[in-house]
Amino acid sequence: MNELRYIKDVILKCKYKYIAGIICIFMVDILQMVLPKVLGVLTDKLKSGNFTKDDLVTYSILIVVVSISTAVFRFSWRYLVFGVSKLIEKTIRERLYIQYQRLSPNYYNVHKTGDLMSHATNDIDNIRMMVGQGVALISDSLLLPAAILVMLILTAGVKMTLAAFSPMIFLIIVVVSNVKNMHIRINRMQEAISDLTEKTRENISGIRVVKSFVQESEEVEKFKKSNLHNKEMNLKFVRIMSTLHPFVMAISYLTFAITLLYGGLKVIYSEITIGEFVTFAGYLLQLIWPIAALGWVTSIFQKGIVSLKRVNILMDENPDIVDSDDSISIDSLDWKIEMKHLNFTYPESHTPSLENINISLKKGKTLAICGKTGSGKTTLINLIPRLFNASAGTLFIDDVDINRISLSSLRKNIGYVPQDTILFSATIKENICFFRDFDDESIIKAAKAAGIHNDIIDFPRQYETIVGERGVNLSGGQKQRISIARAIIGNPSLLVLDDCLSAVDTHTEALILGALKEIMKERTSIIVSHRISAIKDADEIIMLDEGRIIERGNHDSLLEQKGIYCELYQKQLLAAKIEEEE
Ligand SMILES: Nc1ncnc2c1ncn2[C@@H]1O[C@H](COP(=O)(O)OP(=O)(O)OP(=O)(O)O)[C@@H](O)[C@H]1O
């Protein structure tokens, strides 16, 4: 079964446990055959008046032994089969997580987070149910009726057994004809829960925006719609199961009725004894459970297969940004960056986001990128750590085509501060180190350079303060500065700051840039900013507009050009003056 391709190795590794578990289920089923037989023999003995005290003791001991053995085998199969299912669950969850790390950033642009989260929760639960409960139930549903069938034939012959089993043909027809329908409904149920997860995630992460735009009731309405859709999808599935279950139960009782009629007649005509009839009826009563479980098993397997298919699609996905076959690892790069006639269009877009970009940035120099929102600044710098791939022959680091440099050696050398600051639920120290090994001295040095050290030592637990939902609430500017400390602590060869000082005031910005100057002196740097004050000291400044460089030079030469840069500078000067006067 190709659907099992990502868990086949774990199943094979645990095959002996699985087999032992199934043997234990079989033993439970065999032991269940003893009680009806004992009841039948006792009935015949009582009727014939041959029942002795010795019989009483023998049969009582037999029943106790059977009960204890059944309990031991029940415990064993649960321990073995559920143990395997837990291991499969853990392995597939781990593999999924590794796959999330492998996939390229663009994958996350085109797939909903709710969908990805639902793979890691609902789908994995369904797979665990299938390989645990599902396997146990299906074994029971096949082995127990098989054992019962043998015992029935031995007790009352083939004819009576066939008569009792005949209603089951309908059962098989109904279950088989519903399988496709169940598959479709389960798929829709999974899609509905993914949508609901996405809505909840979006609302929680955007709660501040929702509140500031007074959109709470609209959000509740949107959620109610999605919740209702989820309920309807679930109800459609429940409807199938609700018709299936009573039908299954009716079939089991019909089986029992046929037995009573047919078996009763046989007793009347003395073809079988009352004891044999009691045994036969006892076996048939035991048949009710596996028949009833059939609907449940079908649903567990259907859900598991749908979820496996969904997870497999994600696992089959290959990242589009990988090391090339001839990739080279360079750790001591000079970090001379060159872009030659570089054009870039996003995979899902038809309009280019960058056109004919030519840049030459030498080691130790600073390039500043300025431009209106949407002009292509972030796109340009995202090409350097290869978050997106530039076309071959357009982007070079130290004269080596970037596509030939191994991803890890490239990214390890870049200190990147993104526009959106992300801090993890951990201590400030861990957020700066980002789980790499640095001594306290380096951490403090980086924090000082990022202008956040004084803020940190004011917190009661200083560097051990937990940030995030359960910890201290940091201001936007504080988060940005921790993010800068994280980027510079590793002593990167290239420092990339993507508009990361937007949340601090111009005074703090000047302080941070002053401290960073020392660090930037030794390495190549790229700063993206809307504020002229943040970029005016750069060796080269480029102005982007609709993906093209429209002006370039240093601060003085750009002012002389009296173009857009100069206009922006005048506007910002005026705004600063007004602010000061106020
Ligand atoms: N993942 C993406 N897929 C498709 N188009 C994108 C994607 N990201 C950005 N774009 C488009 O590329 C263009 C440049 O966007 P980019 O984010 O680089 O601008 P920016 O100058 O950094 O803007 P801002 O100052 O607002 O951050 C825009 O037209 C934007 O809509």
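The model is predicted, so local features need pLDDT of at least 70 and side-chain atom pairs count only at pLDDT 80 or more, while totals for chains, interfaces and linings use all residues. Residues are numbered from 1 along each chain as its sequence is written, and side-chain values use heavy atoms, with hydrogens and water left out.

The protein chain is divided into domain 1 (2-316) and domain 2 (337-581), with bounds from an automatic or database domain assignment. Their C-alpha centres lie 56 Å apart. Contact (heavy atoms within 4.5 Å) takes 4 residues from domain 1 and 4 residues from domain 2.

Between them, the two domains bury about 330 Å², 60% of it on carbon and sulfur atoms; buried area is the accessible area (1.4 Å probe) that two parts lose on being put together, summed over both. On the domain 1 side, Pro105, Asn106 and Val110 supply 89% of the area buried against domain 2, more than any other three residues. Across this interface the rule finds 0 salt bridges, defined as a side-chain nitrogen of Lys or Arg within 4 Å of a carboxyl oxygen of Asp or Glu.

Turning to the rings, the structure holds 7 aromatic pairs. Rings of Phe, Tyr and Trp (its six-membered ring) pair if their centres lie within 6.5 Å, and planes under 30 degrees apart count as stacked, over 60 as edge-to-face and the rest as tilted. One of the pairs joins phenylalanine 75 and tyrosine 79, stacked at 5.9 Å centre to centre with 20 degrees between the planes.
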